[in-house]
Amino acid sequence: MLISVALGQVLSLLICGIGLTSKYLSEDFHANTPVFQSFLNYILLFLVYTTTLAVRQGEENLLAILRRRWWKYMILGLIDLEANYLVVKAYQYTTLTSIQLLDCFVIPVVILLSWFFLLIRYKAVHFVGIVVCILGMGCMVGADVLVGRHQGAGENKLVGDLLVLGGATLYGISNVWEEYIIRTLSRVEFLGMIGLFGAFFSGIQLAIMEHKELLKVPWDWQIGLLYVGFSACMFGLYSFMPVVIKKTSATSVNLSLLTADLYSLFCGLFLFHYKFSGLYLLSFFTILIGLVLYSSTSTYIAQDPRVYKQFRNPSGPVVDLPTTAQVEPSVTYTSLGQETEEEPHVRVA
């Protein structure tokens with residue numbers, strides 16, 4: 001359980017690094033280039049993972065994958081790109097508080113999509129943990145308002161709020177699709193295809209929408225270092241997230257990422273001289289308590305009304321089925337570890 005929570009916090013720290021480098025670029029150097037920043041990440045994914053697929057043999061080769069599933073990955077690449085773009089764009093129209101609150105919309109999106117498409121079933125303790133996490137997020141937003149943290153322009157809140165909701169929805173779709181791919185196919189295939197189509201679409205969007213902004217960037221070694229830092233954190237996030245999702249779930253990962261704003265805020269206390277409030281610590285520990293509650297027991301998969309698969313969530317205990325228990329006839333229970341395809345089925349009649 002603690003390993004599960006700790007892995008999610010590593011992702012949050014990477015997002016903190018992404019946020020800090022983006023803040024320096026936009027506010028200190030007036031480099032507003034979100035598409036270019038995404039383009040750099042997709043290029044790195046392409047160079048590492050797409051080329052890996054290109055040198056593989058057989059059905060895992062790049063061309064073989066493209067022949068079978070090219071249009072699916074094309075849609076996924078576009079969804080992933082626009083999810084990032086919409087949320088970043090929302091900062092120009094609405095307030096920080098609105099973005100923090102509405103960005104939590106990704107959690108119900110992931111839960112619903114996981115329920116209907118991945119057939120994941122939750123227990124009462126999971127919903128309690130989710131509610132506690134969202135309460136912790138609300139506590140953080142309340143602390144921002146009380147200490148008067150800079151909220152942004154907020155010139156057209158309706159447009160900004162709609163952009164955040166749209167971005168959160170696309171994030172949810174991308175995360176659930178990612179979980180499906182890494183459980184049924186492979187992490188390298190997912191990252192390789194995201195790198196290929198993400199670089200393609202972001203390159204087009206960059207040429208159309210952001211080429212003038214890119215020419216205005218006052219290039220020097222400091223800006224170059226910030227772009228390198230941003231790209232390294234983003235590449236690390238994309239590379240490590242599938243590992244964490246496979247060990248936990250897309251829902252668990254998104255709950256863990258709620259602490260990313262708090263890490264950014266704690267760094268901002270020293271770097272940007274933010275005002276401190278005890279509510280920030282309360283918010284942090286409330287979210288962690290919610291994560292522990294969510295991770296304290298396993299979810300399960302209902303393949304159909306009579307067949308169930310039990311996830312062995314590393315954060316939850318292994319369940320031993322007693323031979324004398326009264327179990328519904330013809331129900332199949334399995335535990336999915338890291339090697340799901342090799343796990344033997346245990347049939348309880």
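User: What makes helix 5 stand out in the nonpolar patch?

Analyst: Its share. In this predicted model, helix 5 (residues 106-116) supplies 3 residues, the largest share of the nonpolar patch. The patch is formed by L112, W115, F116, F117 and F127 on the surface. Together they have about 570 Å² of accessible area.

User: Where is F117, and why is F117 called exposed or buried?

Analyst: F117 sits in the loop between helix 5 and strand 1 (120-121). Its relative accessibility is 63%. Exposed means over 50%, so F117 counts as exposed.

User: What does the side chain of T248 lie beside?

Analyst: A polar atom of the T248 side chain lies 2.6 Å from the backbone oxygen of V244.

User: What caps the N-terminal end of helix 8?

Analyst: S186 does. A side-chain oxygen of S186 lies 3.1 Å from the backbone nitrogen of E189.

User: What makes the pair R69 and E189 a salt bridge?

Analyst: The rule asks for a side-chain nitrogen of Lys or Arg within 4 Å of a carboxyl oxygen of Asp or Glu. R69 and E189 meet at 2.8 Å, N to O, in a salt bridge. R69 lies in helix 3 (residues 62-90) and E189 in helix 8, so the pair ties together parts that are 120 residues apart in sequence.

User: Are R69 and E189 buried or exposed?

Analyst: Buried. R69 has a relative accessible area of 15%. E189 has 5% relative accessibility. The cut-off is under 20%, so R69 counts as buried, and so does E189.

User: How many salt bridges does this rule count?

Analyst: The count comes to 4. One of them joins R183 and E179, at 3.2 Å, N to O. Both residues lie in helix 7 (residues 157-184). They are 4 residues apart, about one turn of the helix. E179 has a relative accessible area of 1%, so E179 is buried.

User: Why is the pair E60 and R56 called a salt bridge?

Analyst: The closest N and O atoms of E60 and R56 are 3.5 Å apart. The limit is within 4 Å, so the pair forms a salt bridge.

User: What makes E60 and R56 partly exposed?

Analyst: Partly exposed lies between the buried cut-off, under 20%, and the exposed cut-off, over 50%. E60 has a relative accessible area of 47%, so E60 is partly exposed. R56 has 25%, so R56 is partly exposed too.

Methods
Residues numbered from 1 in each chain as written. Predicted model: local features only at pLDDT ≥ 70, side-chain atom pairs only at ≥ 80, totals over all residues. Heavy atoms only, no water. Patch = residues over 30% accessible without salt bridge, like charges linked within 9 Å, V, L, I, M, F, W, Y side chains within 5 Å. Areas by Shrake-Rupley, 256 points an atom, 1.4 Å probe, with all protein chains shown as cover. Helix = DSSP H or I, 4+ residues; strand = E, 2+ residues; numbered from the N terminus. Buried < 20%, exposed > 50% of the residue type's maximum accessible area, 1.4 Å probe, protein only. Polar contact = N/O pair within 3.5 Å; in protein donor to acceptor, adjacent residues only side chain to side chain.
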